[in-house]
Amino acid sequence: MPEPALSCRSLTCRAGDREVVRDFDLAVAAGERVALTGPSGSGKTTLLTTLAGLLRPAAGQVRVDGVPLADDPSLRSRLALVFQSYGLLTLLTAAENVEVALRAAGRTPREAMSEAAAALERMRLGGHADHLIEELSGGQQQRVAVARALALAPRVLLADEPTAEQDGVHRAIVLDELVAAARRGAALVVATHDPEVAERCDRVIELRSAASPLSPAEVGA
Ligand SMILES: Nc1ncnc2c1ncn2[C@@H]1O[C@H](COP(=O)(O)OP(=O)(O)OP(=O)(O)O)[C@@H](O)[C@H]1O
């Protein structure tokens, strides 16, 4: 059996001084799609940020292809996260935001330019590639964030409410592209309040409110 692309065992996550996720176990195979649901404040963002290696777990560990992330920080290059608040460089253009990520991942300037253009085109942002982020709508900015993550062709794709700002047409485009990334072999974990997103996943894991017991429930899809 191959190691799961992403896994964690007995993961406990703290936000500030509060424990918001406790003893969380997860194994996501390459190509698998997992939705994280649960009420606002139940810890989805905290969990995704921890799985991405950007927040240190209070206990337990995250593994990528079976290797603890804490033992080998270079494994982070196999992960990409679509941040809930996008995390874009607002004084750069849409294209430059994607190119910066691709250059950091080792692409040549020419590769970065062409891959960024293709990723933005897939997000229907071809006509906005040269616009500054601050000139784009919230929904367009969110699609730049999705394009940036997809352009990296990560082994593990984490997305935090990636359709929250999208209208019907663009929600379908974002969702289709996330599913396509999983078909190409990415392990996908997507936090969402959108039932349509959850329906397109293989499994749904519901986080409980932090006010009630903290362990997750698997509800199937
Ligand atoms: N930096 C922080 N310091 C203190 N508490 C925090 C911090 N970040 C988040 N929290 C708290 O941790 C809990 C979980 O927040 P989190 O953003 O992970 O939830 P969520 O499920 O993603 O919510 P939403 O669906 O609204 O995005 C909330 O009660 C929140 O107020």
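This is a predicted model: local features need pLDDT of at least 70, side-chain atom pairs count only at pLDDT 80 or more; totals for chains, interfaces and linings use all residues.
User: Is E161 buried or exposed?

Analyst: Burial is read from a neighbour count: a residue is buried if 20 or more other C-beta atoms lie within 10 Å of its own, exposed if 12 or fewer, and partly exposed in between, with C-beta atoms placed from the backbone. E161 has 21 C-beta neighbours inside 10 Å and so counts as buried. A153, with 17 other C-beta atoms within 10 Å, is partly exposed.

User: How many helices and strands does the chain have?

Analyst: Both are DSSP runs numbered from the N terminus: helices are H or I and at least four residues, strands are E and at least two. The chain comes to six helices and ten strands.

User: What span should α3 have, given its 14 residues?

Analyst: The expected span is 1.5 Å times one less than the number of residues. For α3 (residues 109-122) that gives 20 Å, and the end C-alpha atoms are 20 Å apart, which agrees. Its buried residues are A112, E115, A116, A119 and L120. Seen down the axis of α3, these fall within an arc of 135 degrees, so they line one face of the helix. The arc is that of the directions from the helix axis to the C-beta atoms.

User: Against which elements do the buried residues of α3 pack?

Analyst: Packing is read from contacts, and two residues are in contact if their C-beta atoms, placed from the backbone, lie within 7 Å. The buried residues of α3 pack against α2 (94-104) and α4 (138-151).

User: Which residues of α5 are buried?

Analyst: They are V174, L175, L178, A181 and A182. They cover an arc of only 120 degrees around the axis, which puts them on the same side of α5. On the other side, G168, V169, D176, A180 and R183 are exposed. The buried residues of α5 pack against several elements, including β3 (33-37), α4 and β7. As for length, α5 has 16 residues and reaches 22 Å from its first C-alpha to its last, close to the 22 Å expected at 1.5 Å a residue.

User: What does L150 touch?

Analyst: L150 is found in helix α4. Residues up to four places away in sequence are not counted; beyond them, L150 touches A119, E177 and A181. L150 is buried, with 27 other C-beta atoms within 10 Å.

User: And where is D25 found?

Analyst: D25 is in strand β2. It is partly exposed, with 13 other C-beta atoms within 10 Å. Leaving aside neighbours within four places in sequence, D25 is in contact with C8, R9 and S10.

User: Which residues come nearest to the ligand?

Analyst: A residue is near a molecule if its C-beta atom, placed from the backbone, lies within 6 Å of it. Of the 14 residues around the ligand, A15, G16, S40, T45 and T46 come nearest. β2 (18-28) and α1 (44-51) each supply at least two residues of the shell, and the largest share, three residues, comes from α1.

User: What classes of residue make up the shell around the ligand?

Analyst: Ala, Val, Leu, Ile, Met, Phe, Trp, Tyr, Cys and Pro count as nonpolar, Asp, Glu, Lys and Arg as charged, and the others, Gly among them, as polar. The shell has three nonpolar, nine polar and two charged residues.

Conventions:
Residues are numbered from 1 along each chain as its sequence is written.
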